[in-house]
Each structure stands twice: as structure tokens, then as C-alpha cells.
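Notebook open, viewer open. I wanted to look up a few places in this one and write down what I found.

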Amino acid sequence: MMRSGTRRVVFLSMLVAMGTALHVVEGMLAIPLPVPGVKLGLANIVTVLAIYLYGLRDGMTVALLRVLLGSLIGGVFLAPGFLLGLTGAVSSTLVMAILLKRTRCFSMIGISMAGAVGHNIGQLLAASLLLQTSAVLYYLPILLLAGIPTGMFTGYLLNSLLEHKSEIFRDFA
Amino acid sequence: MTRADKVLLVGILLASLVSGTALYSRFFLDPVGAQPIQAVVTVSGKAFRTIALQSGARSSFVVQGRQGASKVEVDGRRVRMQQAPCENGICLKQGWIEHPGQSVVCVPGEIVIRIEGAAPLDAVTR
């Protein structure tokens with residue numbers, strides 16, 4: 001991939017900006033489900049892009065900055081939800097980076113689903129530590145199930161995006 | 001979707017179902033409604049009688065209050081004051097009670113029927 005410093009920094013900044021925007025917009029979208037906490041994971045798209053183009057380190061940078069900026073805009077910086085989102089972002093980035101870089105058999109759909117599940121599991125573990133209770137684990141089956149359609153959706157978007165990567169990323173990657 | 005994607009999908013689905021069954025099965029096997037509920041009758045502050053409320057059981061008994069004999073009727077999971085000597089009849093108008101926390105109170109007779117047990121949630125706010 002492209003290694004030129006300035007272009008990389010510019011492209012990563014754009015990814016962070018897009019991720020922050022998606023993060024904030026996503027917080028406004030209400031998912032018509034009886035359980036709270038399920039969301040589409042649109043902001044995950046830019047994390048995958050950053051990993052895909054530049055690797056784990058830059059993917060993690062984009063994910064962390066996105067969560068930080070998104071929480072500052074949303075006014076929840078350092079609130080419990082922020083800590084959960086942060087752990088979720090870190091764990092999903094790790095899972096997706098491993099699958100993207102170490103395996104060849106998954107499409108973006110599989111990677112997104114694994115990322116969604118990694119996000120939810122990391123988040124639940126953080127929540128159980130934070131609340132000092134294992135009762136939140138009752139959420140696990142629901143969140144696992146929710147990770148399938150949301151992961152498929154973002155994975156589908158990523159697949160379509162990468163079909164046009166030669167046009168979109170011509171100047172960057 | 002590749003083959004590996006589908007395997008992953010089925011894997012997540014299975015993990016969700018298995019963990020869901022493991023975690024939630026006890027709620028299905030032992031729903032809150034099946035937990036024991038009992039009616040406690042007190043006269044002048046002293047426990048007079050405790051009746052387990054179960055479906056199908058019917059009975060009635062007489063309670064001697066300060067103003068005379070009142071009659072309590074039990075019908076399965078619900079209970080009521082059937083007859084009372086006083087002229088107000090407020091306890092009679094209270095009708096059947098069946099949920100934990102509900103009570104029938106006869107002030108002149110100093111008789112209280114109260115349902116005890118695990119109370120269900122009144123409401124959930126988010």
C-alpha cells in the first residue's frame with residue numbers, strides 16, 4: 001500500500017472525519033427494536049477501510065480518534081457509554097485486523113460480522129467490569145444475534161465500496 | 001458471501017442460540033407468575049392465617065374481627081372479603097385482589113388481607 005507520509009495522514013484524517021460524522025449520525029438513528037444498545041455500526045466502515053489500506057496500527061488510530069471525537073460532539077466524553085464504546089471499538093478493530101490480515105477466506109461481510117460480535121463482546125465485558133455484575137451477560141445472545149444483520153449490512157456496503165476502490169482511492173492507495 | 005462467511009454466520013447464530021437457551025431457560029421453566037404467592041390475614045395486627053394461593057383451590061373461612069365475624073373467600077389465585085358486619089362495606093367493595101402488594105383493609109374490624117410474594121415490576125423506564 002501507499003506509504004507516502006502526507007497523503008496517508010490526509011487520508012486517515014478524512015477517515016476519522018467521516019467516522020466521526022457516521023458515529024454522530026448513527027447515534028441519532030433509532031433502531032426499532034425493543035432492546036436498547038443495538039446500532040448499525042456504520043462508523044465501523046471507516047475502521048475497516050483504514051485497516052484494509054494501512055494496517056492494524058492506523059485502523060486502531062482511526063477507531064480511537066473516531067470514538068473520542070464522537071463522544072466530545074455527543075457530550076458523553078468519559079461517561080459510562082463512552083468507556084463501553086471505546087472498549088468495543090478496540091476489540092472489534094483487533095478482531096477485524098486479525099481476520100483481514102491473517103486470513104484470506106472471509107469477504108467484508110464475514111469480517112464485519114466478526115467485528116460486530118467482537119465489539120459487542122468487548123463492550124459486555126467492559127460493562128460487567130464497570131457495573132461489577134455478570135448480569136449484563138444476559139445481553140450476550142441478543143447482541144450476538146443483532147451482530148449478524150448489522151454486520152451483513154455494513155459488510156455489504158464495504159463490498160460495494162471496494163468494488164470501486166480503483167476510482168475512489170486512486171490518489172490515496 | 002464466501003463459504004467462510006456462511007460458516008461464521010452459522011457459528012454466531014449457534015453461539016447466540018446456545019447462550020440464549022442456557023441463560024434464559026430458567027425464566028421459561030420457572031416464570032415469575034409461578035412463584036409462590038400467599039395471602040396473609042391479620043387481625044388487630046396479629047397474624048391470623050396464611051393461605052397459599054394456587055390455581056384451583058377454593059375455600060372460605062370466618063375471621064373474628066373487632067366488630068364480629070367477617071368471611072374471607074379464596075378462589076384460586078385471588079382472594080376477597082365476602083361478608084363483613086360493618087355498614088360501610090369498604091372491604092367488600094374492594095373486590096378480588098390477586099397481585100403481591102395488594103391488600104383489603106377493614107378498619108372497623110381491624111382485619112387486613114395482604115398478598116405477599118415476589119412482586120412483578122410496575123413499569124420499566126428507559
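Burial first: I call a residue buried if 20 or more other C-beta atoms lie within 10 Å of its own, exposed if 12 or fewer, and partly exposed in between, with C-beta atoms placed from the backbone. This is a predicted model, so I kept to its limits: local features need pLDDT of at least 70, side-chain atom pairs count only at pLDDT 80 or more, and totals for chains, interfaces and linings use all residues. Residues are numbered from 1 along each chain as its sequence is written, and chains are lettered from A and ligands numbered from 1 in the order in which they are written.

**Entry 1: helix α4 of chain A**

I started at A:Val90, which sits in helix α4 (residues 80-102) of chain A. Helices (H or I, at least four residues) and strands (E, at least two) are DSSP runs here, numbered from the N terminus. Is A:Val90 buried or partly exposed? A:Val90 counts as partly exposed because 18 other C-beta atoms lie within 10 Å.

Next I took the whole helix. α4(A) has 23 residues and spans 33 Å from first C-alpha to last, close to the 33 Å expected at 1.5 Å a residue; the expected span is 1.5 Å times one less than the number of residues. Its buried residues include A:Leu84, A:Gly85, A:Ala89, A:Met96 and A:Leu100. What do the buried residues of α4(A) pack against? I found α2 (44-54), α3 (56-74) and α5 of chain A. Contact here means that the C-beta atoms of two residues, placed from the backbone, lie within 7 Å.

**Entry 2: α5 against α6 in chain A**

I looked at how α5(A) and α6(A) pack: the angle is about 145° and the axes are 6 Å apart. Axes are lines fitted to C-alpha atoms, for helices over the stretch in contact, and angles run from 0 to 180 degrees between N-to-C directions. α5(A) passes α6(A) in a right-handed crossing. A crossing is right-handed if the near helix is turned clockwise from the far one by less than a right angle, and left-handed if anticlockwise. The residues of this contact divide into 15 nonpolar, nine polar and no charged.

I then picked A:Met152, which is in helix α6 of chain A. A:Met152 is partly exposed because it has 19 other C-beta atoms within 10 Å. Which residues does A:Met152 contact, leaving aside neighbours within four places in sequence? They are A:Ile109 and A:Met113. A:Met113 is 39 residues away along the chain, and the two C-alpha atoms are separated by 6.1 Å.

**Entry 3: where chain A meets chain B**

I counted 16 residues from chain A and 14 residues from chain B in the contact. On the chain A side, α5 (108-131) and α6 (140-163) each supply at least two residues. α6(A) gives the most, with six residues. That side of chain A divides into 13 nonpolar, three polar and no charged.

**Entry 4: strands of chain B**

Strands β1 (residues 37-43) and β2 (residues 46-53) of chain B run antiparallel and are joined by seven bridges. Two strands pair if DSSP finds at least two bridges between them. I noted B:Gln38 opposite B:Ala52 in β2(B).

β3, β4 and β5 of chain B form an open sheet in that order, with antiparallel pairing. β3 (58-65) and β5 (78-83) are the edge strands, each pairing on one side only. The twist averages 25° from one strand to the next. Between β3(B) and β4 (residues 68-75) I find eight bridges, and a hairpin joins the two strands through two residues. B:Arg58 stands opposite B:Asp75, and B:Ser60 stands opposite B:Glu73.

**Entry 5: two positive phi values**

Most residues other than glycine have a negative phi, so I looked up the exceptions listed next. B:Ser44 has a positive phi of about 50° although it is not a glycine. B:Ser44 lies in the loop between β1 and β2 of chain B and counts as exposed because it has 11 C-beta neighbours inside 10 Å. B:Glu110, also not a glycine, has a positive phi of about 55°. B:Glu110 is in the loop between β6 (103-106) and β7 (111-116) of chain B, and its 15 C-beta neighbours inside 10 Å make it partly exposed.

How values were computed: Ala, Val, Leu, Ile, Met, Phe, Trp, Tyr, Cys and Pro count as nonpolar, Asp, Glu, Lys and Arg as charged, and the others, Gly among them, as polar.
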